[in-house]
Amino acid sequence: MFTYQGKTALITGASSGIGEAFVRALAGRGMHVMLVARSEEKLRALAAEMSGQHEVRAEVIAADLGQEQAVQLIQQEVERRGLTIDLLVNNAGFGTYGLFETISPEREHQEVMVNIAAMVALTHAFVPPMVARGQGAVINLSSVAGFQPLPYMAVYAATKAFVLSFSEALSVEYRRHGVRVLALCPGVTDTAFLKEASAEPLIVAPKRTPEQAVATGLRALERGRSVVIDGVGNAMLPQVVRLFPRALIAQIAGQVMRPRGAGMSGQAAATQKR
Ligand SMILES: NC(=O)c1ccc[n+]([C@@H]2O[C@H](COP(=O)([O-])OP(=O)(O)OC[C@H]3O[C@@H](n4cnc5c(N)ncnc54)[C@H](OP(=O)(O)O)[C@@H]3O)[C@@H](O)[C@H]2O)c1
């Protein structure tokens with residue numbers, strides 16, 4: 001049993017996609033919501049909509065989770081506002097796509113900072129008070145990409161494998177303290193993510209919606225699960241991966257993911273953002 005009403009959730013990456021869907025779903029269940037991302041205007045508009053539609057407090061903390069001090073500032077801001085975080089949704093994240101050498105090292109450093117370092121730091125900031133209260137929950141956004149190596153999205157898939165392993169381990173550590181930890185693993189979901197990663201042309205599979213991913217995550221949280229994959233088709237993928245040698249799976253993934261025009265010369269046609 002997980003109670004939402006009257007409790008407070010902090011959601012990172014709340015300005016679009018799956019994070020925005022989390023905000024809507026949680027506010028709809030009577031949770032106060034703290035919205036974190038860089039796009040302050042979008043967050044303010046969404047917060048105003050939520051507090052107008054539901055009897056909840058909806059607040060904004062604009063922060064760049066790629067910056068070293070961001071989590072400390074968020075923690076201070078939460079304390080200054082006298083809030084207690086009952087549910088932490090570590091959702092902010094992005095991916096890079098292309099031949100490794102063509103992707104900017106700075107961009108991939110940011111990817112590791114946002115997808116991993118900020119998630120770990122936020123968990124450090126907000127789980128100890130949950131343990132002290134004997135209740136609370138964390139949902140971390142992993143991905144089906146976390147179950148196997150993914151050539152041409154090598155760093156992204158590795159960050160999501162980290163999230164998966166980290167969440168499963170913490171789920172065991174904290175279960176007996178009344179704190180649930182869940183890794184939510186969506187497959188291809190209809191958000192700005194693929195465009196942001198410049199990987200849109202790759203995807204031919206039908207996309208799930210952010211609302212479906214969130215509904216799957218909340219159902220799993222209520223059931224006390226430590227890992228959930230969104231979508232029946234997506235859920236089969238890790239089962240298939242387990243049946244074959246990992247090297248073979250990586251080879252096949254490489255064929256599927258290979259950017260068009262990335263020939264023997266090693267010159268990738270893949271683009272990179274920023
Ligand atoms: N869509 C998919 O197919 C898919 C599949 C599996 C897993 N996921 C995971 O789901 C999560 C949400 O992605 P999405 O699909 O909803 O993509 P999205 O629509 O692009 O949303 C990404 C969110 O992360 C925030 N963000 C990015 N960089 C940030 C930074 N430096 N500091 C603070 N916030 C930052 C963005 O906000 P600002 O730009 O306003 O900062 C935005 O709110 C990610 O962790 C992603 O890896 C997505």
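Biologist: At what angle do helix 1 and helix 7 pack, and how far apart are their axes?

Modeller: Bear in mind that this is a predicted model. The axes of helix 1 and helix 7 (residues 210–222) are 8 Å apart, and the helices pack at an angle of about 60 degrees.

Biologist: What makes helix 1 oblique to helix 7?

Modeller: Angles under 35 degrees count as roughly parallel and 65 to 115 as roughly perpendicular. The angle here is about 60 degrees, so helix 1 is oblique to helix 7. The crossing is right-handed.

Biologist: Which residues make that contact?

Modeller: Helix 1 contributes Gly-17, Ile-18, Ala-21, Phe-22 and Ala-25, while helix 7 brings Pro-210, Glu-211, Ala-213, Val-214 and Leu-218. By class, eight are nonpolar, one is polar and one is charged.

Biologist: Let's move on to another pair. Why is helix 3 called roughly parallel to helix 4?

Modeller: The axes of helix 3 (residues 70–80) and helix 4 (residues 105–133) cross at roughly 30 degrees and come within 9 Å. The cut-off for roughly parallel is under 35 degrees, and therefore helix 3 counts as roughly parallel to helix 4. Helix 3 passes helix 4 in a right-handed crossing.

Biologist: Where do helix 3 and helix 4 meet?

Modeller: Ala-70, Val-71 and Gln-75 in helix 3 face Ala-118, Ala-121, Leu-122 and Ala-125 in helix 4. That contact has six nonpolar residues, one polar residue and no charged ones.

Biologist: And why is helix 4 called roughly parallel to helix 5?

Modeller: The axes of helix 4 and helix 5 (residues 154–175) cross at roughly 10 degrees and come within 10 Å. An angle of roughly 10 degrees is under the 35 degrees cut-off, so helix 4 is roughly parallel to helix 5. On the helix 4 side the contact includes Glu-108, Glu-111, Val-112 and Met-119; on the helix 5 side, Tyr-156, Phe-162 and Tyr-174 are among the residues. By class, there are 10 nonpolar, two polar and two charged residues in the contact.

Biologist: Now the ligand. How many residues surround the ligand, and which are the closest?

Modeller: The shell has 27 residues, and Gly-13, Gly-17, Arg-38, Ser-39 and Gly-93 are the closest. Helix 1 (17–28) and helix 6 (193–196) each supply at least two residues of the shell, with the largest share, three residues, coming from helix 1. Gly-17 of helix 1 also takes part in the contact with helix 7. The shell divides into 12 nonpolar, 12 polar and three charged residues.

Biologist: Finally, how do you know that the radius of gyration agrees with a compact globule?

Modeller: A compact globule of 274 residues would have a radius of gyration near 19 Å, and the protein has 19 Å, so the two agree. The C-alpha trace spans about 60 × 40 × 30 Å along its principal axes, and the protein has nine helices and seven strands.

Technical notes
Residues numbered from 1 in each chain as written. Predicted model: local features only at pLDDT ≥ 70, side-chain atom pairs only at ≥ 80, totals over all residues. Axes fitted to C-alpha atoms, helices over the stretch in contact; angles between N-to-C directions. Helix = DSSP H or I, 4+ residues; strand = E, 2+ residues; numbered from the N terminus. Parallel < 35°, antiparallel > 145°, perpendicular 65-115°, else oblique. Left-handed = near helix turned anticlockwise from the far one by under 90°. Contact = placed C-beta atoms within 7 Å. Nonpolar A, V, L, I, M, F, W, Y, C, P; charged D, E, K, R; others polar. Near = placed C-beta within 6 Å. Rg over C-alpha atoms; globule rule 2.2 N^0.38 Å.
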